[in-house]
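Student: I have a structure open and would like to learn how to read it. Could you guide me through it?

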Amino acid sequence: MPGCYINAAKTNYISEIFLAAHSALESGNGTSTLSSGVVVNNGWFTPEEAISRGAA
């Protein structure tokens, strides 16, 4: 999965470190309800897609 942070950051001209830190913050370091697999109608069905589209 680290590669998807690098790709998303380069595609969107943002820092890989910022993107990883922001996703850690948003997910409570992977402990949030959303990060545990709750279905939400946002069209992001994989962690990689969420990182990529969230970066955009």
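Student: In which loop is the place of Ser-27?

Tutor: Start with how elements are named: helices (H or I, at least four residues) and strands (E, at least two) are DSSP runs, numbered from the N terminus. Ser-27 sits in the loop between helix H2 (16–26) and helix H3 (47–55). A word on the source: this is a predicted model, in which local features need pLDDT of at least 70 and side-chain atom pairs count only at pLDDT 80 or more, while totals for chains, interfaces and linings use all residues. Residues are numbered from 1 along each chain as its sequence is written, and side-chain values use heavy atoms, with hydrogens and water left out.

Student: What is the average pLDDT of the protein chain?

Tutor: pLDDT is the predictor's confidence in each residue, from 0 to 100. The protein chain averages 86, and 100% of the residues score at least 70. Confidence is highest in H1, at 92, and lowest in H3, at a mean of 88.

Student: Does Ser-27 count as buried or exposed?

Tutor: Buried means under 20% relative accessible area, exposed over 50%, and partly exposed in between (1.4 Å probe, protein chains only). Ser-27 counts as buried because its relative accessibility is 17%. Ser-32, in the loop between H2 and H3, has a relative accessible area of 21%, so Ser-32 is partly exposed.

Student: Which residues does Ser-27 touch?

Tutor: Contact means heavy atoms within 4.5 Å. Not counting residues up to four places away in sequence, Ser-27 touches Ser-32 and Ser-35. With that same exclusion, Ser-32 touches Glu-26 and Ser-27. There is also a polar atom of the Ser-27 side chain 3.0 Å from the backbone nitrogen of Gly-30.

Student: Which residues make up the largest nonpolar core?

Tutor: A nonpolar core is a set of buried Ala, Val, Leu, Ile, Met, Phe, Trp, Tyr and Cys residues joined through side-chain atoms within 4.5 Å. The largest has 7 residues: Cys-4, Tyr-5, Ala-8, Ala-9, Leu-19, Ile-51 and Ala-55. Helix H1 (2–12) and H3 each give two or more residues to this core, and H1 gives the most, with 4 residues.

Student: Why are the buried residues of H1 on the same side?

Tutor: Those buried residues are Cys-4, Tyr-5, Ala-8 and Ala-9. They share a side of H1 because they cover an arc of only 130 degrees around the axis; the arc is that of the directions from the helix axis to the C-beta atoms. They pack against H2 and H3. On the other side of H1, Pro-2, Asn-7, Lys-10 and Thr-11 are exposed.

Technical notes:
A polar contact is a pair of N or O atoms within 3.5 Å; within protein, one must be able to donate a hydrogen and the other to accept it, and residues adjacent in sequence count only if both atoms are side-chain atoms.
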